[in-house]
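Colleague: Before we look at this model together, could you take me through how its aromatic contacts, burial and overall dimensions should be read?

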Amino acid sequence: MKNITLLTLTLLCVPTINAFAAERPNIVVIMVDDMGFSDIGSYGSEIPTPNLDALADNGVRFSQFYNTGRCCPTRAALLTGLYSHQAGIGHMTTDQGMPGYRGHLNSHCVTIAEVLRDAGYFTVMTGKWHVGSNNGCTPSGRGFDRSLNTPAGGLHFSNQTGSKGGTKLMLNGEQIARDDPQFDPPWYGADLWTDAGLRFVDEAIEEDKPFFWYLAHAAPHFPCMAPEETIAKYRGKFMKGWDELREERYARQIESGLIDESWELEKRPDEIPAWDSLSQKEQQRYDDMMAIYAAMIDEVDKNVGKLVTALKKNGQLDNTLILFLSDNGGNAEAGIKGKYDGDHPGDPHSNVFVGRCWAHLNNTPFRMYKHYNHEGGTATPLIAHWPAAVSPRVGPDAWIATPTHVIDIMATCVDLASAKYPSQFNGSTITAMQGQSLRPLLTGSGNFAERALYWEHEGNAAIRVGNEKLVRQKEHGDWELFDLAKDRTEQHNLFANYAERAETLRKQWDEWARRANVLPKPAAKKKQSVKKNGDNGKNRKRK
């Protein structure tokens, strides 16, 4: 009788567990690389992105969501819910010997995959990793059940040559040939990452598990390249030039309610030539560069459509939260001229950077670019789509204006997955989450507490408290103070008028910098090396 009772209780418990699991959403985080704030349709772009626009129209969009201003730190912050220095990646992936600058995810952080896998999720990663593979930190070692990835970025074609031509392709932690028949080469990266991820998702469905999928596109990062037939669609579309196109994006942003009409459009810097001052040949060169870049965004959007169609077909779309964002602002590297090298620019053997002139358009209406902590470096689109829980919003209510940050994605995943964020993991003390769950903002139910937000990268630094933002360019640069409610484009420096308040914010930033391993900074960069011992949160298997 006792055994029968235990068996009955066990059987009764099983449906309850399965029902609970079914209520928890699948989560797909789609990150693009080096895309500016205004480069998709719902954020003002002339580049058509119908699939992303559909997600925005049937979900919600954030007007004040932030990244860290650079690729590696943003990925570290997103994956761990910590400020990047706390996770060990305050700069890039060189180990500089200081706690905040180890160049790989350390042992005092956990990834979303590690937390959600312990909560019963099937965890998937495809695309660009770039949080310490050179130091032994890989997706398969940090909680992902399945992964197809490059150690860093810049790989777009299976037959690519040039500066990124030697990039490795890794399948579940093991190197695999880029032309392996299972990937149906020749392939384009946006297709590869999506198709592989969908196959991994099929495994999750077969195992009757909810899934977490981190889809990290390499596009539109340099070297800019895309299929010729896609590039051809955009040639000639940018002959209006950056001056006129920027005004048009700005007008659309105001009309949609994304920005306040009182925020002045950041003026074209003196170093950037007026479009009308260029020769016809120069204009055609710049037009083709931007056509290649636009084609990369087109390819990403096409694959967002493919992903949505697949999830709808297998009955997973309604209970899947899809988040779409960029890792930093538009990239001004390569300067005014950009780069336009190769016999056929845009093909797998070319080397194209859009440069500063087009980055100025990419980041409309903001100031500065990737690397920097002004809004042009750190502001990103964020689209959230989850039919089961997030109702579409239109008009002014379509925009969530609460300041939010990539550190909030971990907290959101933990909350929605009913997971437990650990204080100890594999024998190490884990740093407490720094973010907050976005659930109240997504669903309109509950409170999202106000808090300060912080940034530091390469000496660039910022703190935002309410609508006040104190920001600095380079380590020994002058601090600037802005009221973002009135001047989010950072055109009117209030430092001289409110020096005492600025000093209070500076001290608050300094206190955070010491707590978060921003300080002390390394004296100088050192060559990359694989650490044999010490604090490395590399390939960790569950115990």
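**Aromatic contacts and overall form**

Modeller: One aromatic cluster is formed by Tyr83, Tyr454, Trp479, Trp509 and Trp512. The model is a predicted one, in which local features need pLDDT of at least 70 and side-chain atom pairs count only at pLDDT 80 or more, while totals for chains, interfaces and linings use all residues. Residues are numbered from 1 along each chain as its sequence is written, and side-chain values use heavy atoms, with hydrogens and water left out.

Colleague: How many aromatic pairs does a search of the whole structure find?

Modeller: Rings of Phe, Tyr and Trp (its six-membered ring) pair if their centres lie within 6.5 Å, and planes under 30 degrees apart count as stacked, over 60 as edge-to-face and the rest as tilted. On that basis the search finds 21 aromatic pairs. The ring centres of Tyr43 and Trp399 are 5.1 Å apart with their planes at 85°, so this pair is edge-to-face. It links distant parts of the chain, 356 residues apart, with Tyr43 in the loop between strand S1 (26-32) and helix H2 (50-57) and Trp399 in strand S12 (residues 399-400); here helices (H or I, at least four residues) and strands (E, at least two) are DSSP runs, numbered from the N terminus.

Colleague: Are Tyr43 and Trp399 buried or exposed?

Modeller: Buried means under 20% relative accessible area, exposed over 50%, and partly exposed in between, with a 1.4 Å probe and protein chains only. Both Tyr43 and Trp399 are buried.

Colleague: Which charged end sits over the ring of Trp399?

Modeller: A charge sits over a ring if NZ of Lys or CZ of Arg is within 6 Å of the ring centre and within 35 degrees of the ring normal. For Trp399 it is the charged end of Arg61, 5.2 Å from the ring centre, and Lys469 likewise lies over the face of Trp455, at 5.8 Å from the ring centre.

Colleague: What should I look for in helix H3?

Modeller: Helix H3, residues 71-80, is mostly covered, with 10 of its 10 residues buried, and just after H3 the residue Gly81 takes a positive phi of about 75°.

Colleague: What is the radius of gyration of the protein?

Modeller: The secondary structure comes to 14 helices and 19 strands. The radius of gyration, taken over C-alpha atoms, is compared with a globule rule of 2.2 Å times the number of residues to the power 0.38. The protein's value is 23 Å, close to the 24 Å that the rule gives for 543 residues, so it is as compact as a globular protein of that length. Of those 543 residues, 59% count as buried.
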